[in-house]
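Trainee: Can we go through this one together? I'd like to start with the DNA and then move to the protein chains.

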Protein chains: 2
Amino acid sequence: MVNQQFTFAVHILTALAFANETMDSQELATSVNTNPVVIRRILLGLRRAGLVETYTGKNGGTRLGKKPAEISLLAIYDAVAPRPVIAVSERKAFKRCQVSCNMREIMGGVAAGAEEAVRAHLRGITLQKLLRKVRRAG
Amino acid sequence: MVNQQFTFAVHILTALAFANETMDSQELATSVNTNPVVIRRILLGLRRAGLVETYTGKNGGTRLGKKPAEISLLAIYDAVAPRPVIAVSERKAFKRCQVSCNMREIMGGVAAGAEEAVRAHLRGITLQKLLRKVRRAG
DNA sequence: CAGAAATGTAACGGATATCATTACAGTTCG
DNA sequence: CGAACTGTAATGATATCCGTTACATTTCTG
C-alpha cells in the first residue's frame with residue numbers, strides 16, 4: 001500500500017475515541033498534521049461505514065458512531081478501501097507461453113491469500129486496544 | 001494497481017523454472033509483456049538474492065540459481081523489496097496531543113504485524129507449487 | 001581478431017497517484 | 001442575518017513507476 005489514508009483514518013478515530021466528544025476537521029487536522037480538507041475526505045468514507053457521525057453547520061464536527069470496542073481496524077481498512085496489498089499484473093498474456101497464460105490466475109490466488117492474512121490481523125485489533133495503549137503511554 | 005515488480009518477479013522465476021534453461025531478457029519480456037530493460041532491472045535484485053544466475057555476452061541470459069522447491073515467494077518478495085504493506089505516517093506529532101504523540105509507535109506495531117502476516121503467507125508458497133499449477137492447467 | 005548478441009546501467013519522459021491547498025456552495029446555530 | 005462549520009470540485013506539487021532510448025561492456029563464434 002502506498003497511501004496514508006489508513007493511517008490517517010486510524011489516527012482520526014483514535015483521537016475521537018480519546019476525546020470522547022465531537023471534534024471539527026481543523027482540530028483533527030492539527031493532530032494528524034495535515035489539511036482539514038484531507039480529513040474531511042477521509043471522514044466521508046468513515047461516515048459511509050457508520051464509524052463516525054458528522055454534523056454540518058455551526059458547532060458541527062464529528063464523533064464516533066460506535067463504541068471503541070466495536071470498531072476493528074478491519075472495519076476502518078474497508079472503509080478507506082485501500083488498494084490491494086499485492087498488485088497482480090493484468091496484461092494480456094502471451095498466448096504461446098503456458099506460464100504467461102496462467103500467471104494471472106495464479107498470482108490472483110497468491111494476492112488473495114496475502115490480502116486475507118492482513119485482514120485477519122486487522123480483524124483482531126479494536127480501537128479500544130489502541131486507546132488503551134495511548135492512555136498507558138500517558 | 002501500484003508496484004508490479006513482485007508480480008513480474010514471480011512471473012520471471014516461474015517462466016525460468018518452467019523452461020528449465022536460460023532465457024534472455026527479450027524472451028522474458030515477451031512472456032511478461034513488458035520491456036527487456038524492465039526485466040533486467042528486476043533480475044538485478046533476484047541475482048543479488050541468489051535466486052538467479054545471469055550471463056552476459058553472446059548466448060547470455062538467465063537461469064534459476066536454486067531449485068524451485070528451494071525458492072519461496074518470501075525470498076522473491078525480499079529480493080524486490082517492495083514498500084511496506086501499510087504505510088505509517090512519519091509526520092511530526094502535535095506535542096499537545098497525546099494521541100498524536102503516540103500514533104507513530106502504535107501504527108508502527110500494527111504495520112509490523114500486517115507485514116509479518118503477509119510474510120508468513122508467502123513463506124509457505126514455493127516456486128515449485130506454482131510450477132505444478134502451471135503444469136496442471138496445461 | 002572482428003562482429004554479433006547479450007547484459008548492465010544511466011537518463012529521460014509520460015502516466016498516474018497522492019496529498020495540499022484554494023475556493024465556494026450548503027447547512028446550522030445563535 | 002451572520003458566524004462557523006461541512007461537502008466537494010478543481011488545481012497544483014511531488015513522487016513513483018514503467019517504458020524507452022542509448023551506449024558501454026562482456027562474451028561467444030567464425
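Trainee: Which residues come nearest to DNA strand D?

Mentor: Of the 28 residues around DNA strand D, the nearest are Asp24(A), Gln4(B), Val37(B), Gly57(B) and Lys58(B). A residue is near a strand if its C-beta atom, placed from the backbone, lies within 6 Å of it. This is a predicted model, where local features need pLDDT of at least 70, side-chain atom pairs count only at pLDDT 80 or more, and totals for chains, interfaces and linings use all residues. Residues are numbered from 1 along each chain as its sequence is written, while chains are lettered from A and ligands numbered from 1 in the order in which they are written.

Trainee: Which elements give two or more residues to the surface near DNA strand D?

Mentor: Helix H3 (36-48) and strand S2 (61-64) of chain A, together with helix H3 (36-48) of chain B. Helices (H or I, at least four residues) and strands (E, at least two) are DSSP runs, numbered from the N terminus. H3(A) gives the most to that surface, with six residues.

Trainee: And by class, what does the surface near DNA strand D have?

Mentor: Seven nonpolar, 15 polar and six charged residues. Ala, Val, Leu, Ile, Met, Phe, Trp, Tyr, Cys and Pro count as nonpolar, Asp, Glu, Lys and Arg as charged, and the others, Gly among them, as polar.

Trainee: What about DNA strand C, which residues are the closest there?

Mentor: Gln4(A), Val37(A), Gly57(A), Lys58(A) and Asp24(B), out of 29 residues that surround DNA strand C. H3(B) gives the most to this surface, with six residues. The classes are seven nonpolar, 16 polar and six charged.

Trainee: Gly57(A) is on that list. Where does Gly57(A) sit in the hairpin?

Mentor: In the turn, with a positive phi of about 85°. The hairpin is formed by S1(A) and S2(A), with five residues between them. Strand S1 (residues 52-55) of chain A and S2(A) pair in the antiparallel sense over four bridges; pairing requires at least two bridges found by DSSP. Glu53(A) has Arg63(A) in S2(A) as its bridge partner.

Trainee: Switching to the whole chain. What pattern does chain A follow along the sequence?

Mentor: α-α-α-β-β-α-α-α, from six helices and two strands.

Trainee: What radius of gyration does chain A have?

Mentor: Chain A has 19 Å, whereas a compact globule of 138 residues would have a value near 14 Å. The radius is taken over C-alpha atoms, and the globule rule is 2.2 Å times the number of residues to the power 0.38. Along the principal axes, the C-alpha atoms of chain A fill a box of roughly 65 × 30 × 25 Å.

Trainee: Which rotation superposes chain A on chain B?

Mentor: A rotation of 180° with 0.0 Å of shift along its axis, at an RMSD of 0.1 Å. The two copies are therefore related as by a two-fold rotation axis. The superposition is by least squares on the C-alpha atoms of residues with pLDDT of at least 70 in both. The same surface serves both copies, as 100% of the contact residues of chain A recur in chain B.

Key
Contact = placed C-beta atoms within 7 Å.
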